[in-house]
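Hi,

Here is the structure I said I would pass on. Have a look at it first, and then read on for what turned up.

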Amino acid sequence: MTSADKTSVTRPSGRVDPSSAAGWVITGAALAYAGFHLWFATFGTIADSWRNAIHVGGALALFFALRGQEEGRRIAPWLMAAAVCAAIPVYAVVMEQALYARNDQMIPLDMWVSAAILLFVLWAAGLSGGWVLTGMGLLAAAYALWLGPFLPDGWGFRGLSLYTFTYRMLWGGEGYFGFLASISATYVYLFVLLGVVLLAAGSGNFLVQASLRLGARLPGGPAQAAVLGSAAMGSVSGTSIGNVMATGSVTIPMMIRAGYRRPFAAGVEAAASNIGQIAPPVMGAGAFILAAWTQTPYATVAALSILPAILYFYSVFIGVALDARKQDWTPVEIPARIVWRDGLPFALAMAALIGLLVVGYTPVFACCGAILAAIFASWATPANQIGPRSLARIAVEAARGASVTAIMLAAANIVVGVLTMTGKGITFSAMIFDAAQGNLYLMVLAVLLVSLILGMGLPITASYVIVAVVVGSGFEQFGLPLLAVHLMIYWYSQDSTVTPPVALSAFAAAGIARAAPFPASLVAWRLSKGLYAIPLLFLSGDILFQNGPMAAAVAFVGAIVGLTGIAMALSSRCIGGQVPVWLALPLGLTSAATFLLERDIAVPAIGAAAMLIAVAEYLARRAQRLEAQP
């Protein structure tokens, strides 16, 4: 790999035929959609309900229109669906005033429109994210309207009238244009747009190439380069599977050429790409919901996520370093030089984002400033200048990504809305708490299992929202900070991407590597051990600086020791060579104990794990010396 073109990351494609009338309409709509969001995020004012209606209706319309472009000759039905969805915000804006004039009394047309939105949202959710979420939405609606009275106590509900259900879904805060739509319309769309702008400005290529040049010189060689590249790209993309598809097309073939096994190459990419959802500055969509849900400024959430993200990166990094030592691999050619000028858009955008946040501007305003800075800086990179045509492609690609997220959140809001309307969110949480018998670790295990099961068929953001509603309030019994609980739930909602039997990121990476999916998911699961251990540190509060800087430093160092010991126990390797079999189990147990909430156990465990790591290294190096003697 000797040139930049061989290490390029896919830029926004747009995939809209500019020569067709439909292509012109879609591009114009995408530009108007982007302009609308930038307008109200900076200097415009509009009622939240109107803004959310335009956001959701526009997302549905753009989704169906773009789907029609992909279908080619069968575009007409999709454009008809898009046209119907485009009328949704017009109806909501016009009829809201009429609703007030009627003293909040609905007319039959309101009920029909509410039902139509329900069907369009669930249809689009099935097309874009799988039919499990569609099924859950239909089941939730059926539960609220008909099934509730037939279920036993605890699970049963007397039922809502059709009038009440359709009113609250169309006009209420629990419905299509409620809380989750607000998050999607503000944070999610703009940060998606920022990520697309940075990719168009060449930041993805720059970060990957710089990571390849640095990582190829580290233990593990090309595999470590893949970890660095995916982590760097993830900090911009804010998505796991998208990160796999963007960087995996470069890193996975590179690892295979170096001699790594195909499942290993796929697992490394999947584990490293998971950082896209949890690493600042552009975290996943769920992080914005978390910030609003816990009433914590997004800048604070991002700042508190830095140390945990570093720990997760280290857990993958040390796991790859140890596993790579068990394979025969050869160095690969890396980019001869890095064009540092190509990193200017990324640097200026991040400086603008962080600077505006520090001086007190809102995250959405700061994001707009970062977008403007990236576009301006792109003109210093001859190959990636963002002009009018590039802006059109960027708008289309942002609409493509953000519309799917908006639809997923709208569909998830049906489930969440029913749980809120029926009060069953608190009931189910109490049932789980009773089953756990007041044991915090069993409650954490319940979160892990529920999120894993839901994650098999739901996008991460939808999984987080539903788990937080169903399980989150149960942690109030333990007196834990709300932010700590939601961060723990959000992290565990990522586990479905790398945990067998359905590991979505690992399966995507296996497709690129042409490897068997299940072995690839086992590698990804083993390398992603930090995803399961680190959230426990949130509950103790130490890593979140709730107990002071010294406690945070101890927790961070202890986690480094614990993650190192767990990696050595799982791989049966250390830096010096093989870990003795009799030492692997106690090393793994003491390392896991470093993450316990009881600090009087965790702190001694840190010392014990560090001692066993030193013993393992000593014995491995001693065995190597003995083998080298004639």
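Let me begin with helix H26, which gives the largest share of the lining of the largest cavity, 3 residues. Keep in mind as you read that this is a predicted model.

The cavity first, then. The structure holds 1 cavity of 30 Å³ or more, and the volume of the largest cavity is about 40 Å³. If you want to find it on screen, look for Gly319, Asp323, Arg526, Leu527, Lys529, Ala567, Leu570 and Ser571, which line it. Three helices each bring at least two residues to that lining: H14 (306-324), H23 (517-527) and H26 (549-571).

The largest share, 5 residues, comes from H5. What classes of residue make up the lining of the second largest pocket? There are 18 nonpolar residues in it, with no polar and no charged ones.

Next, the cysteines. How many disulfides does the count come to? The count is 0 disulfides. Take cysteine 367: the nearest cysteine sulfur belongs to cysteine 368 and lies 6.0 Å away, so cysteine 367 is in no disulfide, given that a pair has to be within 2.5 Å. Is cysteine 367 buried or exposed? Cysteine 367 has a relative accessible area of 0%, so it is buried. Cysteine 85 is buried too, again with a relative accessible area of 0%.

One last stop is proline 281. You will find it in the loop between helix H11 (262-273) and helix H12 (285-293). Proline 281 counts as buried because its relative accessible area is 18%, and the cut-off for buried is under 20%. Its C-alpha atom is 23 Å from that of threonine 381, a residue 100 positions away along the chain.

That is what I have for now. Over to you!

Best wishes

Notes: Residues numbered from 1 in each chain as written. Predicted model: local features only at pLDDT ≥ 70, side-chain atom pairs only at ≥ 80, totals over all residues. Heavy atoms only, no water. Buried < 20%, exposed > 50% of the residue type's maximum accessible area, 1.4 Å probe, protein only. Helix = DSSP H or I, 4+ residues; strand = E, 2+ residues; numbered from the N terminus. 1 Å grid on protein atoms, 1.4 Å probe; cavity = no way out; pocket = protein on both sides within 12 Å on 5 of 7 lines; lining within 4 Å. Points joined across faces, edges and corners; volume = space filled by probe spheres on them. Nonpolar A, V, L, I, M, F, W, Y, C, P; charged D, E, K, R; others polar.
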